[in-house]
Amino acid sequence: MPKRSLILAGGGIKVAFQAGVLQVWLDEAGLTFDHADGASGGTFNLAMWCQGMTGTQIADAWRRTRPAEGVSLNAPQFQRLLWARSLFTLDAYRRHVFPAWGLDWEKIRASRREASFNVFNFTNQELQIWDASQMDEDRLCACVSLPMWFPPVVIGDETFIDAVYVTDGNVEEAIRRGADEIWAIWTVSTLGTWNDGFVANYFQIIEAAANGRFKIICDRIETNNRAIAAGNDGEFGRPIALHVLKAEVPMHYLMNFNQDRLVECVNLGVRDARRWCNERGVGLTPAMDVPPTVRTVTTSLSFREEMKGYLMPGEVDPREGFDAGRAAERAATLRVTVVVDDVDRFVTEPAHEARATGWVQYDGMDKPAAVHGRFNMFVDEGDPHRKHTTYRLFFEDGQGHERTVVGTKTVDDRAGADVWSDTTTLYTRVLEGHREAGDDAGARVALAGILRLHPTAFLEELGTLRVEGPTAADRAAALARFGAFFVGQMWDVYATHFLSYAPF
């Protein structure tokens, strides 16, 4: 059998996404690995893997994590200003996060799993590898001690820091240990968007170092495989299969204080890993889509909105349909009530889905037609800085024909875009038949146009907001979580020049 290595690359707390992938790879796909390598934040998941945790247990450990409990300022150093040793310490991780994860160093050191923990020995100026038998709390902290943010860890007479500037995924070590297959989870951003500011520059330098080094080894593997296929020896003497799952994870590397966002990133890892496996023919066992809840009570939320505009029969493009419909005075109105049955699920599941009911009326209909379907809010499909809010509503028109309203609001920071227009403009098509998502291909478009939420209607919408829950405190918490979700998603699009992702 080929020897298979798992690369748990770094990425700060973005590796919560990595944990979601492990839930799928280890448990649902049943993949086993002869060796695993971890660098920077990836060593957190590597430690849990060495302990013998399942993929779901690793994912659940991150779902239980309360980010604020891991924050500890290095306040005594602040008086030193530019000469401070670090801004934060890992003391809170030692006191709260590691115990919450259930890390057991005796089990980790006794592990029979082959592992390589990457750390940079600053004293000797070299990359150093520790195996599971050498690990303890100090060494794990050393693996993630990012300069400036956390103090270096001194062990004996030597000083250690995060290895990220040398490697963020030691593929060479996996090859050296005889790997024929390498499976890597990569969460360092590859968007290549430059933002000004010291914090942004710091992490963009990390992206340059990590991605640059990773691309070099990927190219070397590709060159090696081509040489072997041509009958030559190749650099590594054997073909090496490289499987990489990359993702733009919608969370900052360090600046996140919101548990909902952390859980959402774990669940994004689950979603993306399932898609990745299905695209590559990796078989999966059936699994529940319900993630563990963040809160212990169920709360719900609802609001009503009314949009008006123009829909034109025979048009396919919404913009052209709007112009033609306005010229022909073919007015249309859509009123829907959105019901979030479980706020916890809504803010932590990647689809952010709710129920929608109401009515639609357009020129040619004698009376409004009842609609029902789904509403998905601020969904990203690969680029977290571009969001989609979608409506898929089913109804029957006045002649008894089945129809589907497919509406999309696109939120992005393109030139000429603005917050109000993006969040209130619904590009609409009415399809013949009842069409589920993914079944639009070949569907005939009966009408197309644009509907808009006007300022007065928006004020009315705010007045329809209702929250249900067992107690007033529960209702207030649900409303705050929904508000943090809304503002955070908008930040991810429009405030990236302050911080690439909202810290809440």
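Modeller: A salt bridge here is a side-chain nitrogen of Lys or Arg within 4 Å of a carboxyl oxygen of Asp or Glu. Please keep in mind that this is a predicted model.

Biologist: How many salt bridges does a search of the whole structure find?

Modeller: Side chains of opposite charge can pair when their charged atoms come close. The protein has 52 positive and 68 negative charges, and their mean positions are 2 Å apart. When the whole structure is searched for such pairs, the number of salt bridges found is 36.

Biologist: Which residue forms a salt bridge with Glu-235?

Modeller: Glu-235 lies in the loop between helix 8 (198–229) and strand 8 (241–246), whereas its partner belongs to helix 8, so the pair ties together parts that are 15 residues apart in sequence. The closest N and O atoms of the pair are 2.4 Å apart, and the partner is Arg-220.

Biologist: How far apart are the closest N and O atoms of Arg-374 and Glu-353?

Modeller: Arg-374 sits in strand 12 (residues 369–379) and Glu-353 in strand 11 (residues 353–362), so that the pair links distant parts of the chain, 21 residues apart. Arg-374 counts as partly exposed at 23% relative accessibility, and Glu-353 counts as partly exposed at 42%. The two residues form a salt bridge, with their closest N and O atoms at a separation of 4.0 Å.

Note on methods: Residues numbered from 1 in each chain as written. Predicted model: local features only at pLDDT ≥ 70, side-chain atom pairs only at ≥ 80, totals over all residues. Heavy atoms only, no water. Lys, Arg positive; Asp, Glu negative; His and termini not counted. Charge placed at Lys NZ, Arg CZ, Asp CG, Glu CD. Helix = DSSP H or I, 4+ residues; strand = E, 2+ residues; numbered from the N terminus. Buried < 20%, exposed > 50% of the residue type's maximum accessible area, 1.4 Å probe, protein only.
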